[in-house]
Each structure stands twice: as C-alpha cells, then as structure tokens.
Amino acid sequence: MATLSKPLAEMANDVLRTADGRAKAALSRQYARNWFAARENGDLPDVGRATPPDYPARPDKPELKDPRDVPKRKPGTPDGRIALLHAVAHIELNAVDLHWDIIARFSHVKMPAGFFDDWVRAADEESNHFNLVSDRLEALGSHYGALAAHAGMWRAAEDTKDDFMGRLAVVPMVLEARGLDVTPGMIDLFRRAKDTETVAAMEVIYAEEVGHVAYGSKWFHFLCGRHELDPKDEFHRLVRKYFHGLLRPPFNEEKRAEAGLPPDFYWPLTEETPGKNRGTPG
C-alpha cells in the first residue's frame with residue numbers, strides 16, 4: 001500500500017505556496033497521484049492540519065489589476081481570442097488554489113473520505129485545465145503572464161475564509177456554475193475561428209466543470225443535513241451575505257441541473273431582497 005510522505009493538508013499548503021503556474025500545476029498533479037495511490041485500499045490517509053496563506057503565492061506576471069482597468073479586446077479578433085484564453089488560464093490557476101485551499105483551510109472539520117477525494121480530483125483537473133490553456137496560449141505565440149489579469153479572483157476565498165458552508169456556496173455553486181453558463185459561447189467563438197485545438201481543450205474544461213459544481217452542491221447539502229438546515233434557504237442566505245452583486249441570467253439550466261443546482265436555488269438571487277443592501281456589484 002502506498003503511503004503519503006506528509007499529511008494531505010500539508011500537501012495542499014505546499015501547492016498554495018508555490019508561485020510559478022506550471023510548477024504549481026505539476027506539484028498539484030503529483031500530490032493528487034500520491035493521494036489516490038494511498039487511497040487504493042479504501043483507507044483514509046492522514047489529512048492532518050495546516051494553516052494556509054491568506055493569499056496563495058503568485059508569479060511576478062501577470063500584473064493584477066482592478067477589473068475595470070483590465071484592457072478590453074474584441075473576442076472576434078486573434079488578439080481578443082488570446083486575451084480570452086489568458087483570462088481562462090488565470091481563472092483555472094485560481095481554481096487550483098481554491099480547491100487545495102478548501103482542504104487546508106477547513107482541515108479541522110471532520111469530513112468523510114469522499115470529500116477529500118472530490119476536491120483533490122477537482123484540483124488535479126483544474127491543474128490540467130491550466131496546462132491545456134497555457135499550451136494553447138504558447139501555440140498562439142503568447143503565454144500566461146503576457147497580459148494583465150483580474151485582481152479580484154481571490155476575493156470570494158478571502159470573504160469565506162472562516163465560513164466552510166459559505167465557501168461551498170459561493171465558489172463552486174456560484175462562481176464555477178457561472179462557467180457552465182458562459183463556456184458554450186467561448187467554445188462557439190473558437191469553433192467559428194476554426195481553432196479546433198482550443199475547442200478540444202475548452203470541451204474538456206466544460207465537461208469537468210460540471211463535476212466541480214456537483215461536488216460543491218453535494219457537500220453543501222451534506223453539511224446542511226449535519227446542521228439541520230434547509231439547503232435552499234441557507235444557500236440564499238450565504239450567497240446574499242458573501243457574493244457581491246446579483247446573479248445574472250441567462251443560465252445553463254440543463255448543466256446546472258446535472259450538477260445538482262435546481263432553478264429555485266439561483267433564480268431568486270437575480271433580484272434584490274426588499275429592504276436589504278446587497279452591496280456593490282462586482
């Protein structure tokens with residue numbers, strides 16, 4: 001039986017403290033292989049405890065800017081498609097950290113083995129997504145770090161650093177679910193440009209993101225059951241507390257349903273709650 005050289009939470013911490021994108025993805029994938037090798041006989045290896053950084057290590061480039069200051073490019077142009085891929089790479093790298101962070105930050109909460117399996121698998125898949133998109137950027141004459149990127153990607157993690165259920169509600173069930181809404185349009189854009197290699201990469205991402213949203217929904221419902229909470233009411237409460245702005249249609253209702261998100265979870269969040277200040281959209 002394979003054994004881990006260190007507890008899972010410490011491995012998660014190592015990934016979070018690795019700055020270079022390719023190195024972060026490589027370490028993430030290696031640790032995922034180690035975890036599943038150790039899980040082969042069904043035992044739960046040592047999860048341990050860790051204190052993750054408030055903000056994960058990042059390379060010197062890309063320059064991180066306020067979303068309003070990131071240059072806008074027309075997606076129908078070659079430069080616009082590169083800019084879109086760069087934004088996707090940035091999202092995927094943040095997702096690698098988000099999935100390892102939920103393991104490290106909430107390692108003190110007793111959870112079933114399947115919880116750790118799901119988020120290690122998700123982190124591994126996000127690492128592959130980052131590599132796929134980085135490969136396409138390089139094939140198109142660019143690279144991750146060549147353009148400015150969104151500085152607010154880690155905001156949801158900061159806002160929910162002390163709230164396990166809030167993290168599940170906002171990151172997989174809101175932010176990653178949004179990816180299910182917008183990715184088909186991106187795939188169509190690259191298909192129209194006859195960029196079949198990028199279409200293939202984006203289709204892998206699209207298919208696997210459904211699973212990540214489903215992991216969030218599954219473990220959110222698990223914790224609601226543990227604490228005797230109504231999942232829909234609690235989801236609405238937490239999203240209104242932590243998400244800055246309203247949810248915006250159109251929604252990919254088919255894929256959201258496949259991931260365990262029924263319409264009555266998200267449609268009510270498209271409107272202001274009477275008498276409640278929702279904060280500044282962002």
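This is a predicted model: local features need pLDDT of at least 70, side-chain atom pairs count only at pLDDT 80 or more; totals for chains, interfaces and linings use all residues.
## A first walk around the model

Visitor: What is the radius of gyration of the protein?
Guide: Let's start with the parts: there are ten helices and two strands, taken as DSSP runs (H or I, at least four residues, for helices; E, at least two, for strands) and numbered from the N terminus. For 282 residues the rule gives 19 Å, and the protein comes close to that, so it is as compact as a globular protein of its length, with a radius of gyration of 19 Å.

Visitor: How many of the residues of helix 4 are buried?
Guide: Helix 4 covers residues 113-139 and reaches 39 Å from its first C-alpha to its last, close to the 39 Å expected at 1.5 Å a residue, where the expected span is 1.5 Å times one less than the number of residues. Buried means under 20% relative accessible area, exposed over 50%, and partly exposed in between (1.4 Å probe, protein chains only). Helix 4 is largely enclosed by the rest of the structure, because its buried residues number 19 of the 27.

Visitor: Which residue's side chain makes a polar contact with the side chain of Arg167?
Guide: Look in helix 6 (residues 164-192) for Arg167, which is buried with a relative accessible area of 1%. Arg167 touches several residues, among them Leu98, Arg105 and Phe106, where contact means heavy atoms within 4.5 Å. A polar contact is a pair of N or O atoms within 3.5 Å; within protein, one must be able to donate a hydrogen and the other to accept it, and residues adjacent in sequence count only if both atoms are side-chain atoms. At 2.7 Å, the polar partner of Arg167 is Asp101.

Visitor: How many aromatic pairs does the structure hold, and how far apart are the ring centres of Phe106 and Phe164?
Guide: Rings of Phe, Tyr and Trp (its six-membered ring) pair if their centres lie within 6.5 Å; planes under 30 degrees apart are stacked, over 60 edge-to-face and the rest tilted. By that test the structure holds 13 aromatic pairs. The planes of Phe106 and Phe164 meet at 15°, so the pair is stacked, with a centre distance of 4.8 Å.

Visitor: How many residues apart in sequence are the parts that Trp119 and Tyr215 tie together?
Guide: Trp119 and Tyr215 form an edge-to-face pair, 5.8 Å centre to centre with 80° between the planes. Trp119 lies in helix 4 and Tyr215 in helix 7 (residues 196-226), so the pair ties together parts whose separation in residues is 96.

Visitor: Which residue's backbone oxygen does the side chain of His236 reach?
Guide: His236 sits in helix 8 (residues 231-242) and is buried, with a relative accessible area of 9%. Its side chain reaches, at 3.2 Å, the backbone oxygen of Asp264.

Terms used
Residues are numbered from 1 along each chain as its sequence is written. Side-chain values use heavy atoms; hydrogens and water are left out. The radius of gyration is taken over C-alpha atoms; the globule rule is 2.2 Å times the number of residues to the power 0.38. Lists of a residue's contacts leave out its neighbours within four places in sequence.
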